[in-house]
Amino acid sequence: MSADETAITIVLGTRPEIIKLAPVIDACEQSDVGYSVIHTGQHYSDELDTVFFDQLELPTPDHNLAIGSGSHSSQTGAMIGAIEEVLLDESPDVVLVQGDTNSVLAGSVAASKLDCEVGHVEAGLRSFDRSMPEEINRVFADHAADHLFAPTEQAAQYLREEGIPVERITVTGNTIVDAVTCYRDLAAEKSRVLDSHDLSPDEFCLLTAHRAENVDDPERFSSLLRGVAEFAARSGFDVIYPVHPRARDRIDAFDIDVPDEVRLTEAQDFLDFLRLESTARLVFTDSGGVQEEACILGTPCVTLRDNTERPETVAVGANRIVGVEPAEIVAGAREALDTPTDWENPFGDGRSAERILDAVGLGPVVSVEGVTG
Ligand code: UD1
Ligand code: UDP
């Protein structure tokens, strides 16, 4: 905790939350706001967790609840009880959650039952696919929140359409722009990832796939790998796939035949991953954050899903939603190769964290105007 009084308690638990809340933690430090961090322990493997605290120079969380993996309800339920205990002790004014994971659902439920306000960072995203656990989590979090930090005007519009009072909604941009702006040059200077994997800029494609709807279904998982491999074989590009532990687990459990064209490697730290994203000719992904980062970095993206809650990336021409059928993947990738990459970043100007503190009456360091997305 950085000051005597806890004004803000930040709840996080997974890789993307650590990365996207790093700018908010930094803004609290800069403006001397009293804050504490609760880590739920949803992610605990070094490659999804401590590597980011070390590289982004974040303070060790004040509380690590060490909840670990589990079924949705047992994991979420355990988190709610443990978060409540900390909040009862600390009585923060505002509890911040980010995104759409089970940690977000747990943080917003626990906080909304107590005398603290809930702030949802990255509010208003909708895939309109209620079979995805993330969609359920983000809808619950939005409707529990007192402060909704929408990354774009489109997200704010979805919230208004669901009847959320306008005075609760602030369009802030997405904190991932703050993080990418802060680290992309450092990644270019420091990262040796291209050399260590024998890759040349613009001559390889980057793949990530970890979403439950893809990797928990052996047919879909095999199909998407076949599609990417087919494109690689026809185009001559190398493909590198840093593997999330969930996907690694499913490859082993289902005995998935990974085609030779797809080079598996361990999950990367943030600087190495940013370097791969910036220099890849194309990105194939089912990740939400990777769709955004590819768009911000000017790398064409092919999304291996049937929908996206990031329609802004498609609207500016940075992203194609192709599903997992090999023919669609190959066609989408070919089209993406021919796309001009001078689209505008729809996710803001990199000052989202300041706007978030401003909106809860605790900042900013420098006054900033709202963004329109
Ligand atoms: C979670 C989020 C997903 C997000 C992803 C970010 C939910 C419902 N899902 O998915 O929205 O895109 O984080 O990466 O919240 N495991 C490890 N080490 C870890 C964590 C998990 O090996 O540190 C393995 C375990 O086998 C575990 C599996 O990954 O059972 C799934 O972990 P879990 O946290 O349930 O979901 P993610 O797939 O990581
Ligand atoms: N990321 C990373 N190393 C990797 C893969 C992803 O640092 O090997 C980062 C990526 O830069 C992005 C975030 O992880 O900021 C995305 O997280 P993930 O894909 O796990 O979750 P999602 O965004 O789909 O919820």
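Visitor: How many bridges join β5 to strand β6, and which way do the two run?
Guide: Keep in mind that this is a predicted model. Three bridges join β5 to β6 (residues 147-150), and the two strands run parallel.

Visitor: Which residue stands opposite F149?
Guide: V121 does, with F149 sitting in β6.

Visitor: What is the strand order in the open sheet?
Guide: The order is β3-β2-β1-β4-β5-β6-β7, seven strands with parallel pairing. The edges are β3 (63-64) and β7 (169-171), and each of those pairs on one side only.

Visitor: Let's look at β2. Is it covered or open?
Guide: Mostly covered: five of its five residues, 35-39, are buried. Y35, V37 and H39 are buried on one side, S36 and I38 on the other.

Visitor: How many bridges pair β1 with β2?
Guide: Five, in the parallel sense, with β1 spanning residues 8-12.

Visitor: Switching to charges. How many salt bridges does the structure hold?
Guide: It holds 23. One of them joins the side chains of D142 and R126, at 2.9 Å, N to O. D142 lies in helix α5 (residues 133-144) and R126 in the loop between β5 (117-121) and α5, so this pair ties together parts that are 16 residues apart in sequence.

Visitor: Are D142 and R126 buried or exposed?
Guide: Buried, both of them.

Visitor: What does R305 pair with?
Guide: R305 meets E213 in a salt bridge, 3.7 Å from N to O. R305 is in the loop between β12 (301-303) and α14 (311-315), and E213 is in helix α9 (residues 212-215), so the pair ties together parts 92 residues apart in sequence.

Visitor: And why is R305 called buried?
Guide: Because its relative accessible area is 1%, and buried means under 20%. E213 has 26%, so E213 counts as partly exposed.

Visitor: What about D306? Which residue does it form a salt bridge with?
Guide: R220, with the closest N and O atoms 3.3 Å apart. This pair also links distant parts of the chain: D306 is in the loop between β12 and α14, R220 in helix α10 (residues 218-235), 86 residues apart.

Visitor: Is D306 buried or exposed?
Guide: Exposed, at 58% relative accessibility.

Visitor: Which residues do shared partners join into one network?
Guide: K20, D100, E122, E135, R138, E213, E292, R305, E309 and R310.

Visitor: Ligands now. Which residues come nearest to ligand 1?
Guide: H43, Y44, S45, E134 and R246, out of 17 residues around ligand 1.

Visitor: What polar atoms sit by its oxygens?
Guide: Here are some. A polar side-chain atom of Q42 lies 2.9 Å from an oxygen of ligand 1. N102 uses a backbone N or O atom, also at 2.9 Å from a ligand 1 oxygen. For H210, a polar side-chain atom lies 2.8 Å from an oxygen of ligand 1.

Visitor: How much of ligand 1 does the protein bury?
Guide: The protein buries 86% of the 740 Å² that ligand 1 exposes when taken alone.

Visitor: And ligand 2, which residues come nearest there?
Guide: R15, Q268, S287, G289 and E293, out of 16 around ligand 2. E293 has a polar side-chain atom 2.5 Å from an oxygen of ligand 2. A polar backbone atom of G289 is 2.8 Å from a ligand 2 oxygen. R15 has a side-chain N or O atom 2.9 Å from an oxygen of ligand 2. Taken alone, ligand 2 exposes 540 Å², and the protein buries 95% of that.

Visitor: One helix before we stop. How many residues of α12 are buried?
Guide: Eight of its ten, residues 270-279 being the helix. Among them are F270, L271, F273 and L274, along with D272 and E277.

Visitor: What caps the N-terminal end of α12?
Guide: D269, through a side-chain oxygen 3.3 Å from the backbone nitrogen of L271.

Visitor: Last one. What does UniProt say about residues 30-360?
Guide: The unreviewed UniProt entry annotates them as "domain: UDP-N-acetylglucosamine 2-epimerase". In this model the span is 47% helix and 15% strand, and its end C-alpha atoms lie 16 Å apart.

Notes
Residues are numbered from 1 along each chain as its sequence is written. Chains are lettered from A and ligands numbered from 1 in the order in which they are written. This is a predicted model: local features need pLDDT of at least 70, side-chain atom pairs count only at pLDDT 80 or more; totals for chains, interfaces and linings use all residues. Side-chain values use heavy atoms; hydrogens and water are left out. UniProt positions are given in the numbering used here, feature names are shortened, and annotations may be inferred rather than shown by experiment. Helices (H or I, at least four residues) and strands (E, at least two) are DSSP runs, numbered from the N terminus. A salt bridge is a side-chain nitrogen of Lys or Arg within 4 Å of a carboxyl oxygen of Asp or Glu. Buried means under 20% relative accessible area, exposed over 50%, partly exposed in between (1.4 Å probe, protein chains only). A residue is near a molecule or strand if one of its heavy atoms lies within 4 Å of it. A polar contact is a pair of N or O atoms within 3.5 Å; within protein, one must be able to donate a hydrogen and the other to accept it, and residues adjacent in sequence count only if both atoms are side-chain atoms. Accessible areas come from the Shrake-Rupley method with a 1.4 Å probe; for residues, only the protein chains shown count as cover. Two strands pair if DSSP finds at least two bridges between them.
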